[in-house]
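Q: I would like to learn how to read a protein model feature by feature. Could you walk me through one, starting with a helix?

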Amino acid sequence: MTQNYKNIVVVGGSYVGVATAKELANLLPSTHRPRFAILPSHEHKCLIPYTSTFALSPDNNNNNNNNNNNNNNSRHEVIQAKVLSISPDQTSLFLDREWAGSNTLPFGYLVAATGSNLSPPGTIPHNTKPEAINFLQSYQSSLRSAKSIAIVGGGAVGVQMACDLREIYPGKQVTLIHPRDKLMPAYHPALSNLIKARFAELGVKLVTGSRVVIPTGGFPLEVAKPTEVKLQDGRVLAADFVITATGQTPNNQWLRTTLRGDGGGGVINERNGFVRVKPTMQIEGCRRLFAVGDINDCGAHKAAKPGMVQAGVAARNIAALVRGEEAEEELVVAPASIHLTLGLTKNVIFRNPDTAKGAMEPYINLKDEEDMNIEEVWGRRGPKVASEREYHL
């Protein structure tokens, strides 16, 4: 492999990271390269391989005619490693394992797309696909054996899991506990009302008005047994299994070691842990560092669609810098929107009203259809699947 490439590193390989890498691959000159639990029997589909990440980039068009499942002919690379820290002078990353004979990866520009962590099973506590599948299967087994399930948190994860559980296991008691009366508070009240109506239709019990006291070490992950769920107002509920869905923790550890926040003008906003960025998606005070998606503090809601928009802004600004121009494109934060499942047979596309344009009512498109088609997601990410067993890649 030639060594004269100028690396552009994308740290993070979920929706937004992959979108950023693909955008960069299509924009950059040839001298630069970007790098990188409830439904049984489908868990293997939630882990999509990176084998076709760069299959559609310009330098691959002629090289991968019948070889869309490897990146060996590309100037772009997928690196499976954990970033431990960024160098003080911001010119290289330190990895937890060797790649190309070194634990250090130099770069010219970097995009942080490491997102946030959720409580399991939202974030799977394993790094390999076999371990992750085993974890999800064990989790599913515990849910099957539990007669009553409590979900802590009324955000998107909690709402979707509550609906799924009641649709898959209509005989189980499912209770969702949320400290506010309004569910999913970042959205127009119409979404909360819609969800409550769906809960009533499915038989999900809703408990509001107080926070759950999370025990030290959290609730058991893989054992179904009678458990007390204590609320701060003194109420005590009982459940055989408890799912914690209390929000996001920014995956910022690798940045903290160098780019420290101070609660005021620091790179990391210590009030919430997210990385401060300019409208150009550049990290505050760091001309060659960008942050997109859930990791940043740009004001957009945390979801895949706004992250994709941020990825495009960052990629185009990096391409401008590479050309010797200034990074001038700025993000326009759109009203919060979401594509939310309400069980296996219903989902809703919901968008807050754009008050800047005079809209006062939200956009609501409630659909009666089977799931949201994970097979289509595989297609968008690149792998071409000809048979069911290929989802186990």
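A: Happy to, and keep in mind that this model is predicted. Let us start with α4: at 1.5 Å a residue, its 14 residues should span 20 Å, and the end C-alpha atoms are 20 Å apart, which agrees.

Q: Which residues of α4 are buried?
A: A residue counts as buried when its relative accessible area is under 20%. In α4 this holds for Ala190, Leu191, Ser192, Leu194, Ile195, Arg198, Phe199 and Leu202. The elements covering them include α3 (156-168), β9, β10 (205-208), β16 (337-341), β17 and β18 (363-368).

Q: What comes just after α4?
A: Glycine 203 does, with a positive phi of about 90 degrees.

Q: How does the length check work out for α6?
A: Helix α6 covers residues 304-322, and at 1.5 Å a residue its 19 residues should span 27 Å; the distance between its end C-alpha atoms is 27 Å, so expectation and model agree. This helix is mostly covered, with 14 of its 19 residues buried.

Q: How many helices and strands does the whole protein chain have?
A: There are 7 helices and 18 strands. Of the 393 residues in the chain, 47% are buried. The chain exposes about 18800 Å², and carbon and sulfur atoms supply 50% of that area.

Q: How should I think about a nonpolar core?
A: In soluble globular proteins, nonpolar side chains tend to be buried together. Here the largest nonpolar core has 47 residues, and Leu93, Leu110, Met281 and Ile318 have the most contacts inside it. Elements that each supply at least two residues of this core include β1 (6-11), α1 (15-27), β4 (92-99) and α6. The most comes from α6, which gives 7 residues.

Q: Which residues does leucine 93 touch?
A: Leaving aside residues up to four places away in sequence, leucine 93 touches several residues, among them Val9, Val11, Ile86, Phe107, Leu110 and Trp254. There is also a second, separate core of 36 residues, which includes Leu143, Ala245, Leu340 and Val348.

Q: Let us turn to aromatic rings. How many aromatic pairs are there?
A: Taking ring centres within 6.5 Å as the cut-off, the count comes to 3 aromatic pairs. One of them is phenylalanine 135 with tyrosine 139, a tilted pair at 5.9 Å centre to centre, with 40 degrees between the planes. Both residues lie in helix α2 (residues 129-145), 4 residues apart, about one turn of the helix. Phenylalanine 135 and tyrosine 139 are both buried.

Q: What makes the pair of tyrosine 187 and phenylalanine 350 edge-to-face?
A: The planes of these rings meet at 80 degrees, with the centres 6.3 Å apart, so the pair is edge-to-face. This pair links distant parts of the chain, 163 residues apart: tyrosine 187 is in the loop between β9 (173-178) and α4 (189-202), while phenylalanine 350 is in strand β17 (residues 346-351). Both tyrosine 187 and phenylalanine 350 are buried. Elsewhere, ring pairs link Phe135, Tyr139 and Phe241 into a cluster.

Q: Which charged residues lie over rings?
A: Lysine 172 has its charged end over the ring of tyrosine 169, 4.9 Å from the ring centre. Arginine 351 lies over the face of tyrosine 363, at 4.6 Å from the centre of that ring.

Q: Finally, how do I read the backbone angles?
A: Most residues other than glycine have a negative phi, and most peptide bonds are trans. Two residues to look up here are alanine 100, with phi near 55 degrees, and methionine 184, with phi near 45 degrees. Alanine 100 is in the loop between β4 and β5 (102-106), and at 68% relative accessibility it counts as exposed. Methionine 184 is in the loop between β9 and α4, and at 5% relative accessibility it counts as buried. As for peptide bonds, proline 120 and proline 121 are joined by a cis one, with omega about 10 degrees. Proline 121 sits in the loop between β7 (116-117) and α2.

Methods. Residues numbered from 1 in each chain as written. Predicted model: local features only at pLDDT ≥ 70, side-chain atom pairs only at ≥ 80, totals over all residues. Heavy atoms only, no water. Buried < 20%, exposed > 50% of the residue type's maximum accessible area, 1.4 Å probe, protein only. Areas by Shrake-Rupley, 256 points an atom, 1.4 Å probe, with all protein chains shown as cover. Expected span 1.5 Å × (residues − 1). Phe/Tyr/Trp six-rings, centres within 6.5 Å; stacked < 30°, edge-to-face > 60°. Lys NZ or Arg CZ within 6 Å of the ring centre and 35° of its normal. Core = buried A, V, L, I, M, F, W, Y, C linked by side-chain atoms within 4.5 Å. Contact = heavy atoms within 4.5 Å.
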